[in-house]
Amino acid sequence: MKKLTTATQWYGPFNEITATDVSYICDDCVLMIDVVGEGVISEYNPETDVHPPTQEEIEQIMQANRDQATQLLTATDWTAIASVGDPLVSNPYLVNQAEFLSYRSEVRAIAVNPPQTYAVFPGVPTEKWSS
């Protein structure tokens with residue numbers, strides 16, 4: 001039995017998959033496999049199994065990621081205004097403005113370079129205000 005330490009299927013990366021057939025082991029090639037449950041590999045059947053997305057589907061997924069990221073950025077635009085987190089200017093002021101700026105940076109990275117698979121977006125920070 002050989003172990004694949006890195007494998008990628010259309011649904012994402014798998015850290016460790018056990019293969020019982022040496023024919024699945026190759027260097028720098030696309031493995032046509034179907035994951036059936038955790039760590040189990042069966043042969044890929046193009047007649048019945050899910051096919052890789054078309055270029056059009058990939059572009060739609062990327063646009064959906066870009067659109068979602070843009071909505072999330074728009075909803076938190078106000079947190080990037082400097083005075084919102086400045087105790088000399090605002091009372092109350094946003095105590096955790098840095099968390100929002102970090103969150104927005106992660107979301108912006110998805111908006112600028114959307115992945116070809118559905119993105120996992122970070123959770124929106126909870127507002128914390130001075131008392």
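## Basis and conventions

Two residues are in contact when heavy atoms of each lie within 4.5 Å. By that criterion, and leaving aside neighbours within four places in sequence, Val-107 is in contact with Ala-69, Leu-72, Leu-73 and Pro-122.

The model is predicted, so local features need pLDDT of at least 70 and side-chain atom pairs count only at pLDDT 80 or more, while totals for chains, interfaces and linings use all residues. Residues are numbered from 1 along each chain as its sequence is written, and side-chain values use heavy atoms, with hydrogens and water left out.

## Overall architecture

The chain has two helices and six strands; these are DSSP runs numbered from the N terminus, with helices being H or I of at least four residues and strands E of at least two. In sequence order the pattern is β-β-β-β-β-β-α-α.

Of the 131 residues in the chain, 27% are buried. Buried means under 20% relative accessible area, exposed over 50%, and partly exposed in between, with a 1.4 Å probe and protein chains only. The accessible surface of the chain comes to about 9100 Å², and carbon and sulfur atoms hold 53% of that area. These areas come from the Shrake-Rupley method with a 1.4 Å probe; for residues, only the protein chains shown count as cover. Among contacts in the chain with a separation of 6 or more, 48% are between residues 24 or more positions apart.

## Helix H1

H1 has 21 residues and spans 30 Å from its first C-alpha to its last, close to the 30 Å expected at 1.5 Å a residue. The expected span is 1.5 Å times one less than the number of residues.

The buried residues of H1 are Ile-58, Ile-61, Asn-65, Ala-69, Leu-72 and Leu-73. Seen down the helix axis, they fall within an arc of 110 degrees, so they line one face of H1; the arc is that of the directions from the helix axis to the C-beta atoms. H2 is included in what covers these buried residues. Turned away from the buried side is a face that carries the exposed residues Glu-56, Gln-71 and Ala-75.

## Nonpolar core

A nonpolar core is a set of buried Ala, Val, Leu, Ile, Met, Phe, Trp, Tyr and Cys residues joined through side-chain atoms within 4.5 Å. The largest one has eight residues: Ala-69, Leu-72, Leu-73, Tyr-103, Val-107, Ile-110, Ala-111 and Ala-119. H1 and H2 are the elements that give two or more residues to this core, and H2 gives the most, with four residues.

Ala-119, a member of this core, is found in the segment after H2. Not counting residues up to four places away in sequence, Ala-119 touches Asn-65 and Ile-110. The C-alpha atoms of Ala-119 and Asn-65 are separated by 6.2 Å, although the two residues are 54 residues apart along the chain.

## Aromatic cluster

The structure holds two aromatic pairs. Rings of Phe, Tyr and Trp (its six-membered ring) pair if their centres lie within 6.5 Å; planes under 30 degrees apart count as stacked, over 60 as edge-to-face and the rest as tilted. Trp-78 is partly exposed at a relative accessible area of 31%, whereas Phe-100 is buried at 1%.

Trp-78 also pairs with Trp-129, and here the rings are stacked, at 5.9 Å centre to centre and 10 degrees between the planes. Trp-78 lies in the loop between H1 and H2 and Trp-129 in the segment after H2, so the pair ties together parts that are 51 residues apart in sequence. Trp-129 is partly exposed, at 40% relative accessibility. Trp-78, Phe-100 and Trp-129 form one aromatic cluster.

Most peptide bonds are trans. The bond from Asn-91 to Pro-92 is cis, with omega near 5 degrees. Pro-92 lies in the loop between H1 and H2.

Both Asn-91 and Pro-92 are touched by Ser-130, as are Tyr-93 and Val-95, not counting residues up to four places away in sequence. Ser-130 is placed in the segment after helix H2 (97-112) and counts as buried, at 16% relative accessibility.
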